[in-house]
Amino acid sequence: MTTTVESVVEVEARDGGVTVVRMNRPERLNALNPDLIQELNDYFAAFKRGSYQTRVIVFTGAGRAFCAGGDFSPKDPDAEPDPWRRGHPEVEVVSFMRDCDAPIIGAINGYAMGGGFSLALACDLRIAADNMIFQAAQMKRGIVPEYGLSYFLQEQVGRQRALELIFTARRIDAQEALDLGLVLEVVPVEDLEARAVELATEIAGGPPLGMAASKRMVNVVEQDGLSRVQELSQAYNRQLGATEDGAEGIRSFLERREPQFQGR
């Protein structure tokens with residue numbers, strides 16, 4: 001077993017052609033910041049170039065959360081704006097994941113909210129811990145779902161349920177996620193990674209080229225739609241982020257209260 005730790009991503013090679021990729025910002029519940037997005041993109045881009053040799057990837061988060069969404073912690077007011085807030089290629093990590101020839105199994109522990117929910121749905125298969133919580137949280141921030149979440153939700157649960165989950169921003173526990181077909185199975189949190197690796201090892205015994213071709217066949221109809229959703233969500237959020245409601249969404253999150261939106 002070989003483990004490589006970058007600053008916020010841990011890559012662990014297991015036996016049997018399995019690699020565990022672990023988001024490694026547990027002190028921030030693996031919230032998405034430019035460094036984490038960039039390192040995930042770097043990994044999947046390097047994988048596509050053949051820099052990593054693995055048959056199946058298990059994707060998870062360190063600590064008590066998979067990914068709690070965007071990192072809205074206060075920043076230096078004199079710092080440059082985050083590049084991932086401006087139509088930058090770094091936001092395309094979910095496209096890299098869908099374009100990755102190796103099957104990706106999400107081992108979803110704790111919170112998977114906002115952009116973290118999208119990262120989970122970008123995985124090909126998902127196993128949930130019994131403490132898992134999904135949430136399309138962006139309406140609470142006064143913005144639209146990003147990282148392709150509106151696309152993935154409609155793909156998984158249909159238009160009506162996707163809109164209900166987006167509009168209400170309600171939380172979905174592991175059992176409801178199982179009932180909706182968002183996850184394959186639910187296991188005790190202490191068994192999550194072992195079960196995901198077990199499934200990954202089973203799949204890794206199959207033909208790599210055949211699995212890669214199968215994934216491409218399933219994905220072929222979606223690529224244009226996902227790209228368009230990515231473009232629109234970035235454009236809308238640039239506009240919404242400049243509104244009073246956009247400011248109230250972030251302010252209420254930092255102040256740990258319900259937002260009071262005024263429609264302006």
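Contact here means heavy atoms within 4.5 Å, and the views that follow are taken from a predicted model.

**Close-up 1. Residues that meet between helices α3 and α4.** From helix α3, the residues Phe117, Ser118, Leu121 and Ala122 meet Leu149, Phe152, Leu153 and Gln156, which belong to helix α4. Sorted by class, this contact of α3 with α4 holds six nonpolar residues and two polar ones, with no charged residues.

**Close-up 2. The crossing of helices α3 and α4.** Two packed helices are described by the angle between their axes and the distance between the axes. Helix α3 covers residues 115-122 and helix α4 covers residues 149-157, and their axes come within 9 Å while crossing at roughly 50°. The two helices, α3 and α4, are therefore oblique to each other, and their crossing is left-handed.

**Close-up 3. An open sheet of four strands.** The strands follow the order β5-β7-β9-β10, and the pairing among them is mixed. At the edges stand β5 (65-67) and β10 (171-173), each of which has a single partner strand, so that one side of each is left without a neighbour in the sheet. From one strand to the next, the twist averages 20°.

**Close-up 4. The pairing of strands β7 and β9.** Strand β7, made of residues 111-113, runs parallel to strand β9, made of residues 133-135, and three bridges join the two. Within this view, Ala112 can be found standing opposite Phe134 in β9.

Technical notes: Residues numbered from 1 in each chain as written. Predicted model: local features only at pLDDT ≥ 70, side-chain atom pairs only at ≥ 80, totals over all residues. Heavy atoms only, no water. Axes fitted to C-alpha atoms, helices over the stretch in contact; angles between N-to-C directions. Parallel < 35°, antiparallel > 145°, perpendicular 65-115°, else oblique. Left-handed = near helix turned anticlockwise from the far one by under 90°. Nonpolar A, V, L, I, M, F, W, Y, C, P; charged D, E, K, R; others polar. Pairing = 2+ DSSP bridges.
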